[in-house]
Amino acid sequence: MSKSKISIFHWSHTRVHPIPCHATISLNSNIHSKGTILTTPHLRVAVEAMKAVVITTPGDPEVLQLQDVEDPLIKDGHVLIKVAAAALNRADTFQRKGLYELPSGDTPYLGHECSGTILALGSNVTRWKIGDRVCALLNSGGYAEKVVVPAPQVLPIPSGVSLEDAASLPEVACTVWSTVFMTSKLSAGETFLVHGGSSGIGTFAIQMAKCQGASVFTTAGTEEKLAACKDLGADVVINYKTEDFVARVKEETGGKGVDVILDHIGGLYLQRNLDSLNVDGRLFLISIMGGATGEVNLNSMLTRRLTIHAARLRFRSAEKKAEIIREVEKNVWPAVAAGKVKPVVYEYFPLSEAAAAHKLMESGIHIGKILLRPQC
């Protein structure tokens, strides 16, 4: 199979790094002395110090080091997860550089999503039980052996998906469903453009939009990435390095433009995105990698009734995240279980090699998600 083919869940490039074993941690209801379990609202599961990736100082990937850190505290309504895998996201690289504001109260450790097994429960948790295999949308802290997460942000592992691969799903599923479908209301028969189709967000958005009956356009920068997007179901693929995506969109739509755009570039693409929209088109911004400012022709917006939305998932309220999680389980998980939407995993790294994983992400050569695995 060539590199431009996707096999079930894993990109054909995938290689597995050897993961050094660490001392195992046992946890049960009879722990005492060093392992005393306190009562909530701040429940410390006092076992051997866990390992986590620490940003020793803002900077290049080499500043990421695996260190022993304090065990997490469980609050009311939270669960403690033994991490099987955690996924990288572009925001992690900004946080490592000191360019990403941390929401109040979040752990300083990286990681927006993970999968694993529930080790302990805070009070007032009714749905989950110890031993459940789950994945979760995190506020932070996934680059570790254990993480505490609000129970409403936990999801079951979809049928047919491995425990480790499931770590690649929560952030992309919640981002795509909340922006493209809950807010922008993409519907069957409409046209959809997602920039960066080979990214984690892009690979998921292509599949989900096709599953919902939309025609999908996407941009990417290499022939290999364009072929991967085609394999995932994209109808029109555009090399943004050699083609004008606005002209191509207009050509393919008979001059109308697409109905919905999901964009992570921001200022650099702002007016060009608006020029690519159909009447009543909707643009959703999820990042500003191409700058935070841009000029807009307001007359064009007014006459064609265009809408711009913008949001970062990490800064949504706990209540909104819980709502999105419920909607994802209801609307997205059945498509994953049916095999209509698959995780796309490019490469696995041991937690101790988080710096190498960040270098790979910043190189831009990957297709899909990059995962870290703390356990042997």
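Quick housekeeping before we start. Numbering runs from 1 along each chain as its sequence is written, and side-chain values use heavy atoms, leaving out hydrogens and water. Since the model is predicted, local features need pLDDT of at least 70 and side-chain atom pairs count only at pLDDT 80 or more, while totals for chains, interfaces and linings use all residues.

Okay, let's begin with glutamate 171. This residue sits in helix 2, residues 170–183; helices here are DSSP runs of H or I with at least four residues, strands are runs of E with at least two, and both are numbered from the N terminus. Is glutamate 171 buried or exposed? Glutamate 171 is buried, and yet has no salt bridge. On the terms: buried means under 20% relative accessible area, exposed means over 50%, and partly exposed is in between, with a 1.4 Å probe and protein chains only. A salt bridge needs a side-chain nitrogen of Lys or Arg within 4 Å of a carboxyl oxygen of Asp or Glu. For glutamate 171, the nearest side chain of opposite charge is lysine 369, at 4.1 Å; for charge, Lys and Arg count as positive, Asp and Glu as negative, and His and the chain ends are not counted. Beyond its neighbours within four places in sequence, glutamate 171 is in contact (heavy atoms within 4.5 Å) with Asn89, His112, Glu113, Leu137, Ile201, Leu313 and Lys369.

Now to the strands. Strand 8, residues 113–121, pairs with strand 7, residues 78–87, in the antiparallel sense over 7 bridges; two strands pair if DSSP finds at least two bridges between them. In that pairing valine 79 stands opposite leucine 121. Strand 8 also pairs with strand 9, residues 133–137, again antiparallel, over 5 bridges, and there you can find cysteine 114 opposite alanine 136.

Next, salt bridges. How many does the structure hold? There are 16. Take glutamate 62 and lysine 359, with the closest N and O atoms 2.8 Å apart. That pair links distant parts of the chain, 297 residues apart: glutamate 62 is in the loop between strand 4 (50–55) and strand 5 (64–69), and lysine 359 is in helix 10, residues 354–363. Glutamate 62 is partly exposed because its relative accessibility is 46%, and lysine 359, at 44%, is partly exposed too.

Another one joins glutamate 243 and arginine 248, at 3.0 Å from N to O. Here glutamate 243 has 30% relative accessibility and so counts as partly exposed, whereas arginine 248 is buried at 18%.

Then aspartate 244 bridges to arginine 272, with the closest N and O atoms 3.4 Å apart. Aspartate 244 lies in the loop between strand 14 (236–239) and helix 5 (245–252), and arginine 272 in helix 6 (residues 270–275), so this pair ties together parts that are 28 residues apart in sequence. Elsewhere, salt bridges that share partners join Arg96, Lys97 and Glu362 into one network.

On to the rings. The structure holds 3 aromatic pairs; rings of Phe, Tyr and Trp (its six-membered ring) pair if their centres lie within 6.5 Å, and planes under 30 degrees apart count as stacked, over 60 as edge-to-face and the rest as tilted. Tryptophan 177 and phenylalanine 181 have centres 4.6 Å apart and planes at 20°, so that pair is stacked. Both lie in helix 2, 4 residues apart, about one turn of the helix. Tryptophan 177 is buried at 8% relative accessibility, and phenylalanine 181 is buried, also at 8%. Phenylalanine 245 and tyrosine 269 are a tilted pair, 4.9 Å centre to centre with 50° between the planes.

There's also a charge over a ring: arginine 373 lies over the face of tyrosine 348, at 4.5 Å from the ring centre. The rule there is NZ of Lys or CZ of Arg within 6 Å of the ring centre and within 35 degrees of the ring normal.

Last item, backbone. Lysine 185 has a positive phi, near 60°, in a residue other than glycine, and is in the loop between helix 2 and strand 12 (191–194). Aspartate 280 has a phi near 65°, and that residue is in strand 16, residues 277–285.
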